[in-house]
Amino acid sequence: TLLRVKSPNIGYSGRNGVTYRQDMEFRKMLKRRKSITLKPSVSYFFGKKDLAGRLSTEFLLLPLHNGVLKLESGLQNFTTSREQLKLPETISGDTVPVPDDLEFHDYYLKLDVQREIANGLDLSVGMRVHDRKARGFAKEHQETLEMKKRNRDVAANITFSYTPHQKYYVDEFRKVRLTSTWPTFVVNFERGIKGLLGSTSNYEK
């Protein structure tokens, strides 16, 4: 069993002011080298008085084949420009200017199942759910701006990662990866599914 509290991370930016982030890690070893790892993280932005955080959970189920079930949920804040949202410069009879940047909360959930299918080659399939809500000016005037009260994305995700000549050794029930003189090549594809679980968008990337 491992419990680790990492050193606080304190930073500063012109947009957020002073920021404070605290990360922790808890790992519980199970039979046959299986394990459960929890990684909570909390951030506070003093300039905007905002709180953000996430909880990442990893279940190592197949130690010999890097078989991992990953689940991450959290809240993050982001800013989108008025031009990107294609909003007018003013509202209410040209008396109220629309800010250049609008703020949103993003509540998200990530689910991934990963497995090694050959030495150095991993396949990961998963799902992404983002539930975004307007805040500040955008929330106050969202009806006038004809913005959706809730913008939800639900997407399927698949990732292949390959490291040629991956070195490793087997420690009882677990395969431990070492180094490789080659880089890791990653191919990722994600597609939004409109209508699934209330998803309002359809995209590919």
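The following conversation walks through a predicted model of a protein.

Me: What helices and strands does the protein have, and how many?
Reply: The predicted model holds 1 helix and 14 strands.

Me: What does the C-alpha trace span along its principal axes?
Reply: The trace spans about 70 × 40 × 30 Å. The radius of gyration of the protein is 21 Å, whereas a compact globule of 205 residues would have a value near 17 Å.

Me: How much of the protein is made up of buried residues?
Reply: Buried residues account for 30% of the 205 residues.

Me: Which residues make up the largest nonpolar core?
Reply: That core has 9 residues in all: L87, I91, V98, L102, F104, A134, A138, L145 and M147. In soluble globular proteins, nonpolar side chains tend to be buried together.

Me: Staying with I91, what is it in contact with, leaving aside neighbours within four places in sequence?
Reply: I91 is in contact with V96, V98, F137, H141, T144 and L145. Two of these partners, V98 and L145, belong to the largest nonpolar core along with I91.

Me: On to the surface. Which residues form a nonpolar patch there?
Reply: The patch is formed by L71, L109, L111, M127, I193, L196 and L197. Together they have about 540 Å² of accessible area.

Me: Where is M127 found, and is M127 buried or partly exposed?
Reply: M127 is found in strand β10, which covers residues 121–135. M127 counts as partly exposed because its relative accessible area is 33%, between the limits of 20% for buried and 50% for exposed.

Me: Changing topic, how many salt bridges does a search of the whole structure find?
Reply: The search finds 15 salt bridges. One of them joins K175 and E116, with the closest N and O atoms 3.0 Å apart. This pair links distant parts of the chain, since K175 lies in strand β13 (residues 174–177) and E116 in strand β9 (residues 101–118), 59 residues apart.

Me: Are K175 and E116 buried or exposed?
Reply: Both K175 and E116 are buried. For E116, the relative accessibility is 6%, and E116 counts as buried because that value is under 20%.

Me: What else forms a salt bridge with E116?
Reply: R177 does, and here the closest N and O atoms are 3.0 Å apart. This pair also links distant parts of the chain, with E116 in strand β9 and R177 in strand β13, 61 residues apart. R177 itself is partly exposed, at a relative accessible area of 31%.

Me: How far apart are the closest N and O atoms of D122 and R177?
Reply: They are 2.7 Å apart, and the two residues form a salt bridge. D122 is in strand β10 and R177 in strand β13, 55 residues apart, and the pair links distant parts of the chain. D122 counts as buried, at 6% relative accessibility.

Me: Which residues are linked in a network of salt bridges?
Reply: K48, D50, E103 and R135 are linked in such a network.

Me: Last one: among contacts between residues at least 6 apart in sequence, how many join residues at least 24 apart?
Reply: In the protein, 49% of those contacts join residues at least 24 apart.

Notes:
Residues numbered from 1 in each chain as written. Predicted model: local features only at pLDDT ≥ 70, side-chain atom pairs only at ≥ 80, totals over all residues. Heavy atoms only, no water. Core = buried A, V, L, I, M, F, W, Y, C linked by side-chain atoms within 4.5 Å. Buried < 20%, exposed > 50% of the residue type's maximum accessible area, 1.4 Å probe, protein only. Contact = heavy atoms within 4.5 Å. Patch = residues over 30% accessible without salt bridge, like charges linked within 9 Å, V, L, I, M, F, W, Y side chains within 5 Å. Areas by Shrake-Rupley, 256 points an atom, 1.4 Å probe, with all protein chains shown as cover. Salt bridge = Lys/Arg side-chain N within 4 Å of Asp/Glu carboxyl O. Helix = DSSP H or I, 4+ residues; strand = E, 2+ residues; numbered from the N terminus. Rg over C-alpha atoms; globule rule 2.2 N^0.38 Å.
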